[in-house]
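Dear colleague,

Here is the structure for your files. My notes on it follow below.

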Amino acid sequence: MAPSTWCFIFGLIPNAAKAADEKEEVLRTQVAIIGAGPAGMFLAHLLRAEGIEAVVIERQTRDYVEGRVRAGVLEQITVSMMEALGLSARMRREGLVHNGINIAVEGEPFRIDFAALTGGSTVMVYGQQEVMRDLFDAAGPRGIDIVWQAEKVTPHDITGDRPFVTWQKDGVETRLDCDFIAGCDGYHGVSRGAMPSSVLKTFERVYPFGWLGLLADVPPADEELVYAKHSRGFALASMRSPTRSRYYIQCSLDEKLEDWPDDRFWDEACLRLGPTVAAKVTRGPSFEKSIAPLRSSVCEPMRHGRLFLAGDAAHIVPPTGAKGLNLAVSDVTMLAEALVAYYRTNSAHALDGYSARALARVWKAERFSWWYTSLTHLFADMDDFSRRIQAAELDYIRTSPVAQRSLAENYVGLPLS
Ligand SMILES: Cc1cc2nc3c(=O)[nH]c(=O)nc-3n(C[C@H](O)[C@H](O)[C@H](O)COP(=O)(O)OP(=O)(O)OC[C@H]3O[C@@H](n4cnc5c(N)ncnc54)[C@H](O)[C@@H]3O)c2cc1C
């Protein structure tokens, strides 16, 4: 790692207890952040802005993390966070403000007007790849330390007063002593597993289908997202920019990508979106196609000792409600506030309340994402009664401003409490 990477670390002490051919560095910081996804990088920027030292430890390369095609819709709180951190210039130029969404039921679209229903709230379409690029580009100039390609990252002594994180890189084992560890390493990370199973409780719903997604450099079908509930299954016409579109269709979990050449995908998406939207679909060659399983999962608590979980490390939502990245941002906003309070006032009160405060918002987003998924997808075990109820609920939303307001309020994002 470059020497400048370590400008905010207090010490570098070789460990004499190791054998001569084994190298170990011992470093120190205030907050060790595991994972350089949205949760880890927003937290690093928030802490840096308050003069709190942090080191981010990531097992992948920057290109890998930045290249992952994932979220595309930013809630107000995420947009405000980009503004507050001075990271919004490109988002303001290139992002697309959306005042609403469309829902097509068996081919008939209607619109939910967020701005009118919520007193002016909107969402921003700006891809997670762009958000990550902005976070990474600003990290170096701001002195945020990121260790890339760290192997065997492990949190230690999380219930003691002196936790630390170890990892290996280029044959060197590094130990980072710290006050706190932020586990921002996503669903497949190591942090959640460091909490004893006697403490951790997981609540989970696995959906019996996935989303087959396609990315193509073609103009979007509509200025806003179109969610489609169809008797053949769910579809979504989304976008990343005025020239780049993202489409999804509900698929079975054993579906194979090679069985979905572009023409078949476009035919199926257009069928589910219905003739009005299909007439506006521009087809083109895909440059990315993938299948993502859908899952709802929450682990409680989000803190054990000096280890704090944030983002996908603690919870997963199906992408229907566009909440995953936004929840990561709201978690670390609360965590950063609590850490700042600790370092400013020496009070652990806010840290003690972090898990309960974050979970209160997480569960509301989980509820919305589950509900919106249930409303718009086809479930193999649905009987005629369930289908009628689903149709009635969609018709209620189509015709009732009260029902629309509830959907709009949740979609644009509930406030931080
Ligand atoms: C296909 C898809 C579509 C999505 N669409 C949306 C959407 O429209 N809207 C939305 O809001 N959300 C969406 N999401 C969810 C969103 O992408 C995630 O919720 C978000 O990335 C969570 O951020 P995070 O930082 O918590 O976790 P992650 O983004 O998973 O980042 C965790 C980081 O930790 C690193 N890491 C893991 N293990 C270790 C380890 N042992 N040591 C060190 N580092 C480690 C990983 O490499 C990764 O960089 C989507 C997700 C997928 C998969």
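**The ligand and its surroundings**

The shell around the ligand is made up of 15 nonpolar, 10 polar and seven charged residues. In this division, Ala, Val, Leu, Ile, Met, Phe, Trp, Tyr, Cys and Pro count as nonpolar, Asp, Glu, Lys and Arg as charged, and the others, Gly among them, as polar. Please keep in mind that this is a predicted model, in which local features need pLDDT of at least 70 and side-chain atom pairs count only at pLDDT 80 or more, while totals for chains, interfaces and linings use all residues. Residues are numbered from 1 along each chain as its sequence is written, and side-chain values use heavy atoms, with hydrogens and water left out.

Ala39, Glu58, Gln128, Asp312 and Leu325 come nearest among the 32 residues around the ligand (near: a heavy atom of the residue within 4 Å of the molecule). Helix 9 (324-345) and helix 1 (38-49) each give at least two residues to the shell, and helix 9 has the largest share, with four residues. Helices here are DSSP runs of H or I with at least four residues, strands are runs of E with at least two, and both are numbered from the N terminus.

- Asp312: an N or O atom of the side chain is 2.8 Å from a ligand oxygen.
- Arg59: a polar backbone atom is 3.3 Å from a ligand nitrogen.
- Leu325: a polar backbone atom is 2.8 Å from a ligand oxygen.

The ligand taken alone exposes 1000 Å², and the protein buries 89% of that (Shrake-Rupley method, 1.4 Å probe; for residues, only the protein chains shown count as cover).

**The protein as a whole**

The protein has 12 helices and 21 strands. Of its 417 residues, 54% count as buried (buried is under 20% relative accessible area, exposed over 50%, partly exposed in between, with a 1.4 Å probe and protein chains only).

**Ser347**

Ser347 sits in the loop between helix 9 and helix 10 (349-376). Ser347 counts as partly exposed because its relative accessibility is 30%. A polar atom of its side chain lies 3.1 Å from the backbone nitrogen of His349. Leaving out residues up to four places away in sequence, Ser347 touches Ala341 and Tyr342 (contact: heavy atoms within 4.5 Å).

Regards

Methods. Polar contact = N/O pair within 3.5 Å; in protein donor to acceptor, adjacent residues only side chain to side chain.
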